[in-house]
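Here are some exercises to work through with the model open beside you. Try each task before you read its solution.

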Amino acid sequence: MNDMTPIETTLKDWETDQEVRWCPGCGDYAILKAVQRTLPQLGADPAKTVFISGIGCSSRFPYYIESYGFHTIHGRAPAVATGVKLANPDLDVWLVTGDGDGLSIGGNHLMHVLRRNVNMQIMLFNNEIYGLTKGQYSPTSREGTQSPSTPYGSIDHPARPAAFALGSGARFVGRGFDVSKKLPDVLKAAHAHQGAAFVEIFQNCIVYNKDVFDAFAAPKGAEDRQLWLEHGEPMLFAGGTQGIALDRAKLQLKVVDVVDGDWQAADVIVHDTTNRSIAHMLVEMPFGPFPMALGVLYDDPRPTFEAAVMEEKARVSEGKEANLAKLLAKGQTWTVDGTAQDPV
Amino acid sequence: MATHALDSTQTAPASDNPEAVVVRFAGDSGDGMQLTGGQFTLSTALAGNDLATFPDFPAEIRAPQGTLFGVSAFQINFGSREINTAGDAPDVLVAMNPAALKTNLDAVKPGGLIIADTGEFTKRNLDKAKYDANPLEDGSLAKWDVLAFDISAQTIEAVKPFGLGNKDALRCKNMWTLGLAMWMFGRPRKPIHDWLRQKFAKAPELAEANIAALDAGHAYGETAELSGPLKQLHLDPVPTEPGLYRTITGAEAVALGLVAGAQLLELPLFFGGYPITPASAILHHLARLKEFGVTTFQAEDEIAAICSAIGASYAGQLGVTSSSGPGIALKGEAMGLAIMTELPLVIVNSQRGGPSTGLPTKTEQSDLYQAVYGRNGDAPMPVIAARSPADVFECAIEACRIAVQYMTPVMLLTDGYIANAAEPWKVPDPATFERAPVRFLEQKNAGDELLPYKRDPKGARPWIKPGTPGLMHRIGGIEKAVDTGHIDYSPGNHQAMTDARKNKVEDIEIADQDVCLGDTSGKLVVVGWGSTFGPIHQAVRRSRAKGLDVSHVHVRHIWPMPGNLGDLLRGFDNVLVPEMNTGQFKTVLRDQYLVDAQPLTKTSGQPFQIAELEAAIAKYFDDIEGNEGGEIEPNEQQLPSVKAVNP
């Protein structure tokens, strides 16, 4: 995010006149609404807000937000966004990508934008499938995913976006899902973070990978399978009857029962968003034996890339004159005077 | 370069009174030959001679010592007349070891001087250079003058007082050699002394050791002159236009031209690059110019480099990226995005031998098709080709101007030869440049409506910076509607937008094509582009001196081409197109103008020589006029892939 004077807007101000062209029932609609609902709460200025995307269903997003928008090419949005931020750090940049765009063709750029810590919000819509190209398996598809390109089931091991982000050096890792009411809170935290803020958003592709996240996202029983993380709060779920503790012998997380709400007795961990070790465990925490970790998994800012670039530029330019005539005449020169040579 | 064009009827120099001399320094890649050549170049410029250089080094940073593929050479052609090329056959070859002798010997002019360091002609080094017998002793060098002596021992002796180890002492060999060369051409040593003291400011004993070696080499020349083939040569200064001069390489000229171009447009410059030979030097130069509003960004790959530049242009700076063939291939899709979104962008391609990794350190002009046609879809893009290091400066400024005025990516073609070669440059006065400050769109351009793709009379859309209140809009790589820029796949719209993009580029205002030597019509025109300018110009000059009706046309604007070019070419009976590729520009000329352009191609990784072009022109006239005799056969050994194709 950027320091700017808050602007008063409503959800309507962030809607464009363009017809939204996602499939009816697509999770992208919910994410779009969540973002349009969040932006007024942030006091965001449409003139200073830029949505930049790659290619894929998710990447149509900029067309539907009434701000500046740039729908670029497959996988390369992080590189375009880096150029935008270096040229004008005052712009508030939101990057929209998907599991194919961000982790397959654009994995390299995603890694580097995170490691450099360019100040922007990165929303990766993870639906574990290629939607726009009609349903091939993606780098996040689970093993055995049947698709047109893997009729006998996919063989390769899926990438885990949050673990990828943290491993790449991200200083903010958040998670949410399309229809979650808490998604705006995650987006607000991402926006408040100075630096590259990575948010994985599980998104339901109702055509090619329908309800693949139902195990934790379906309203019924969600309580038992979602661990919403809050800084300074114990890691509790299932109505406070279960929590996450550290198995000190194995140096790994474990699920513990909490009796009578006494989470301290159960040794449940208090979430510290600045604890990188815990963050590494949370992004690796397998769903199934564990609940799905959601919310802000990690948030520990450090100086941003563009600030460092600007600082260096100012420092090395100090006291130097930007005189083009002198620059052109630099090095060893000699003058020719009339027809005679006059070496200096 | 041409600081002053002489009478085109002037004949080639006689060897006893040289107007021009070609010297080649060759040694191991660790021997400092490029440094030696660089300093010799500077002293040549200071002496008022015109010059051109050709650094020729291996792709390996430190190839195994003494090997044939580890030889690094630096050739300089200098003289008292206009010099356009690095010269054909060297008059003097300095060979620091057997491998350097072997790989460069065939190029040396018969009767030329070979200076060799016997200290390096050991059994081991002879074996590495695949010599069965010592060529300095077996009489195989009879057609040249040979001056062979122990430079290594001489150097060690000269630097003894400074207490250097054997290895460090031998590193001064290049300065010893330079000292000898300075003597040969009567050059003052003081500028080199000053330079050494500055270079080794932190290690004064190294500075003094190098100076001692330089002086010893110089003194050796004076002594050796008494007996043997070594003699001093004096070349008069070239009459040149008065003014301030410096030497400049193509890579420096790109950097300076971009900075100047951006300043004239009053834009900050953003350069996104990724290291690649021979383009990296541009990034290196610009990285030191932050006080000129330059931001350099070393991206994670070629694609990110161009995409970051597109992002910067979108945000209102002048985005520039640079690479060489393989990297340009990777940038192709992003160029299409810049064409589609109609954003300004400059792409510098320092061409090298291809395909694939090809010949990273050798020169070629084989990316012309890639520049003109190498993108998906109908993706027209202006292409400008520079002819020499000094010419790059102007071309870079023009590329920046076209990019911004027409809201389009522009490709600037140079090559490995231009990037590395140096030539004297008359320092221009920036006050004389035409300023053209950019105007961004600040308010809606159609009453209450914003039309991001509404075109101006040039066909360009407005440049709208994000951050401008009230002008929010969306752009992208999907086909967009006329004027509004909304997504629109409809048939009529795609036709209209394809036409608009094509017309915009085709209608770019560029100067009419001139004839740089000879008449505007006649029997033969030699059409060149890029770094072949020098050898073509000299070959045409010599051919005209022999009375042949031949003209030289040099094309800077590869796409779109000058409006009068077709008519101009049709005014000649024959069109010959020499290129360092298999005939790419020839094909484009045929396609555009239906002229019977004939190729003359060379893909050996080496620039054309004047003699081989002159021979080709002569052969052409022999064939078209049915003459007997007078034909000059190219030397097969020197010209592995040159062939004159006859009509």
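Before starting, one convention: two strands count as paired if DSSP finds at least two bridges between them. Keep in mind too that this is a predicted model.

**Exercise 1. The six-stranded sheet of chain B**

Task: Work out the strand order of the open sheet of 6 strands in chain B, and find which strands stand at its edges.

Solution: 
- Step 1. Follow the pairings across the sheet, and you get S2-S3-S1-S4-S5-S6 in chain B, with mixed pairing.
- Step 2. Look at the ends of that order: S2 (50-56) and S6 (145-149) of chain B each have a single partner strand, so one side of each has no neighbour in the sheet.
- Step 3. On average, neighbouring strands here are turned by 10° against each other, ignoring direction.
- Step 4. Zoom in on one pair. S4 (residues 92-95) and S5 (residues 113-117) of chain B run parallel and are joined by 4 bridges. Val94(B) has Ile115(B) in S5(B) as its bridge partner.
- Step 5. H1 (residues 33-46) of chain B lies across S1 (20-28), S2 and S3 (71-79) of that chain, at about 10° to S3(B). H6 (residues 173-184) of chain B lies across S1, S4, S5 and S6 of chain B, and runs at about 155° to S5(B).

**Exercise 2. A sheet with strands from both chains**

Task: Find the order of the open sheet of 9 strands, then say which strands are at its edges.

Solution: 
- Step 1. Trace the order: S7(A)-S11(A)-S5(A)-S6(A)-S4(A)-S3(A)-S1(A)-S2(A)-S15(B), again an open sheet with mixed pairing.
- Step 2. Pick out the edges. S7 (226-229) of chain A and S15 of chain B have a single partner strand each, so each has one side without a neighbour in the sheet.
- Step 3. Going from one strand to the next, the twist averages 20°.
- Step 4. For a parallel pair, take S1 (residues 49-53) and S2 (residues 68-71) of chain A, which 4 bridges join. Ser53(A) stands opposite His71(A) in S2(A).
- Step 5. Now place the helices. H2 (residues 77-87) of chain A lies across S1, S2, S3 (92-98) and S4 (120-126) of chain A, running at about 175° to S3(A). H6(A) also packs on the sheet, touching S3, S4, S5 (172-177), S6 (196-202), S7 and S11 (292-299) of chain A, and its direction makes about 160° with that of S5(A).

**Exercise 3. Two helix pairs**

Task: Are H11(B) and H12(B) roughly parallel or roughly antiparallel to each other, and how do H1(A) and H6(A) pack?

Solution: 
- Step 1. In chain B, the axes of H11 (residues 302-314) and H12 (residues 325-341) come within 8 Å and cross at roughly 30°. Angles under 35 degrees count as roughly parallel, so that is the label for H11(B) and H12(B).
- Step 2. The crossing of H11(B) and H12(B) is right-handed. Residues in this contact include Ile306(B) and Ile310(B) from H11(B), and Leu330(B) and Ala334(B) from H12(B). Sorted by class, the contact has 10 nonpolar, 1 polar and 2 charged residues.
- Step 3. In chain A, H1 (residues 27-42) and H6 (residues 183-192) pack at about 50°, with their axes 9 Å apart. H1(A) and H6(A) are therefore oblique to each other, and their crossing is right-handed.
- Step 4. Among the residues that meet are Ile31(A) and Val35(A) of H1(A), and Leu187(A) and His191(A) of H6(A). The class count is 7 nonpolar, 3 polar and 1 charged.

How values were computed
Residues are numbered from 1 along each chain as its sequence is written. Chains are lettered from A and ligands numbered from 1 in the order in which they are written. This is a predicted model: local features need pLDDT of at least 70, side-chain atom pairs count only at pLDDT 80 or more; totals for chains, interfaces and linings use all residues. Side-chain values use heavy atoms; hydrogens and water are left out. Axes are lines fitted to C-alpha atoms, for helices over the stretch in contact, and angles run from 0 to 180 degrees between N-to-C directions. Contact means heavy atoms within 4.5 Å. Angles under 35 degrees count as roughly parallel, over 145 as roughly antiparallel, 65 to 115 as roughly perpendicular and the rest as oblique. A crossing is left-handed if the near helix is turned anticlockwise from the far one by less than a right angle, and right-handed if clockwise. Ala, Val, Leu, Ile, Met, Phe, Trp, Tyr, Cys and Pro count as nonpolar, Asp, Glu, Lys and Arg as charged, and the others, Gly among them, as polar.
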